[in-house]
Amino acid sequence: MTRVAVLGAGITGVTTAYALAKRGVDVTLIERHRYAAMETSYANGGQLSASHAEVWNHKATIWNALKWMARRDAPLLLNPTPGWHKLSWFAEFLAAMPAYERNTIATARMAIAAREHLFAWAEAEHIDFDHRRAGILHVYRDKSGFERAAGVSRLLAQGGLQRRAVTRQEMCAIEPTLQGDFYGGYYTDSDSTGDIHKFTSGLADACARLGVACRYGAQVTALASEHGKVRVSVGDGVGEDSSVFDAVVVCAGTASRAMAAMLGDHVNVYPVKGYSITVQLDDAASRAAAPKVSLLDDATKLVSSRLGEDRLRVAGTAEFNGYNDDIRADRIGPLVRWVEQCFPGVNTRKVIPWAGLRPMLPDMLPKVGPGKAPGVYYNTGHGHLGWTLAAATAEMVAEGLLSSSAANR
């Protein structure tokens, strides 16, 4: 039996461990926190959104970044302080712009494939994650944004996703609680939402039932390729130990870059900070005034998801500011104001803020597959679509690892 270490117990690590364990692999899941899903998989926007598969390598992104540089509350905020990591990442980002259409189509295909696996796993393991199949409505405040979305829709269609244009009146029928001056929208009824933390925690419990050895509170301190295998050294704050595995899968989010370097690979993940708020809908009036359909507001780059009856999650923004997960009031403020403007009947007295670092690669595609050394694999760099893509990439890496293992016997 192949012995595999999976590094990181966020959504990508736990789905990878599960996909391998279901195939009879001896898996050890290593996570530095005491529990699964305690970083970027803790409080994201909640959207399982194939309709959000458009990659960012487009001139519109560059223009917006330059336009918003003077605004501290901008949807996309770039710290102008130079650094080699940031500069190299943006150089590769620009180099990937010619692949914008191809990568958008590929991402849409992965997102659609992921649904089948994620839904099946949740049903098989009886995981309640506040799943809501009400679709996602993209809303646009002007004609130019709406017309640009038509081009994106054509790319998504090539990837197998159908979404339909809707008028302002149709938007009101889809989500009657939405207030504001909007031009039109696009609705994807096949998309859905759910609580990533509840799902990942539930699937981590399923992994343990399947025999996965879950080592929480264990920090990876060193990785080394040895005679076709991989040595993994970990510390728990008291001591340090090491074990040799037939293979290792790096699913460590923003820590993946440093781990890859130990193994001789270049995986240029950059930590792009995102923020969210969870609005507690404690009174009947707020529950009635909050949206049930998930939204993406193109002008503000914010998304919302209803999680159960008593929570509204609002998330977004992208901040290029290095390894910094501080929660800034000037970044949280726009999220609260968006709720108050679009859903004025919702009480925002009780709001829980959060910030997480999305692991983004310059071409916006995750790194899925083998590294240079034998036994080294990656499933990382999913950026803002980890929740949407993880089940598909977990299956991909599990299949690839076992195929390679069989071929080398």
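This is a predicted model: local features need pLDDT of at least 70, side-chain atom pairs count only at pLDDT 80 or more; totals for chains, interfaces and linings use all residues.
Trainee: Why are the buried residues of α3 said to be on the same side?
Mentor: The buried ones are H85, K86, S88, W89 and F93. The arc is taken from the directions from the helix axis to the C-beta atoms. These residues lie on the same side of α3 because they cover an arc of only 170°.

Trainee: How far does helix α3 reach from its first C-alpha to its last?
Mentor: Helices (H or I, at least four residues) and strands (E, at least two) are DSSP runs, numbered from the N terminus. Helix α3 covers residues 84–95, which is twelve residues. The expected span is 1.5 Å times one less than the number of residues. From first to last C-alpha, α3 comes close to the expected value, reaching 16 Å.

Trainee: What is the angle between the planes of F90 and F93?
Mentor: Rings of Phe, Tyr and Trp (its six-membered ring) pair if their centres lie within 6.5 Å; planes under 30 degrees apart count as stacked, over 60 as edge-to-face and the rest as tilted. The structure holds 16 aromatic pairs. One of them joins F90 and F93, 6.3 Å centre to centre and edge-to-face, with the angle between the planes being 65°.

Trainee: Is F93 buried or exposed?
Mentor: F90 and F93 are three residues apart in α3, about one turn of the helix. F90 has a relative accessible area of 22% and is partly exposed. F93, at a relative accessible area of 3%, is buried.

Trainee: Where does the charged end of R163 sit?
Mentor: A charge sits over a ring if NZ of Lys or CZ of Arg is within 6 Å of the ring centre and within 35 degrees of the ring normal. For R163, the charged end lies 4.9 Å from the ring centre, over the ring of Y186.

Trainee: How many residues apart are R148 and E54?
Mentor: A salt bridge is a side-chain nitrogen of Lys or Arg within 4 Å of a carboxyl oxygen of Asp or Glu. R148 and E54 form one, with their closest N and O atoms 2.6 Å apart. The pair links distant parts of the chain, since R148 is in helix α5 (residues 143–158) and E54 in the loop between β3 (47–48) and α2, and their separation is 94 residues.

Trainee: Which residues join R331 and E319 in one network of salt bridges?
Mentor: R331 and E319 meet in a salt bridge of 3.0 Å, N to O. R331 lies in helix α10 (residues 329–342) and E319 in strand β17, so the pair ties together parts twelve residues apart in sequence. R331 is buried, with a relative accessible area of 1%, and E319 also counts as buried, at 1% relative accessibility. Through shared partners, R331 and E319 are joined into one network with K273, R328 and D330.

Key
Residues are numbered from 1 along each chain as its sequence is written. Side-chain values use heavy atoms; hydrogens and water are left out. Buried means under 20% relative accessible area, exposed over 50%, partly exposed in between (1.4 Å probe, protein chains only).
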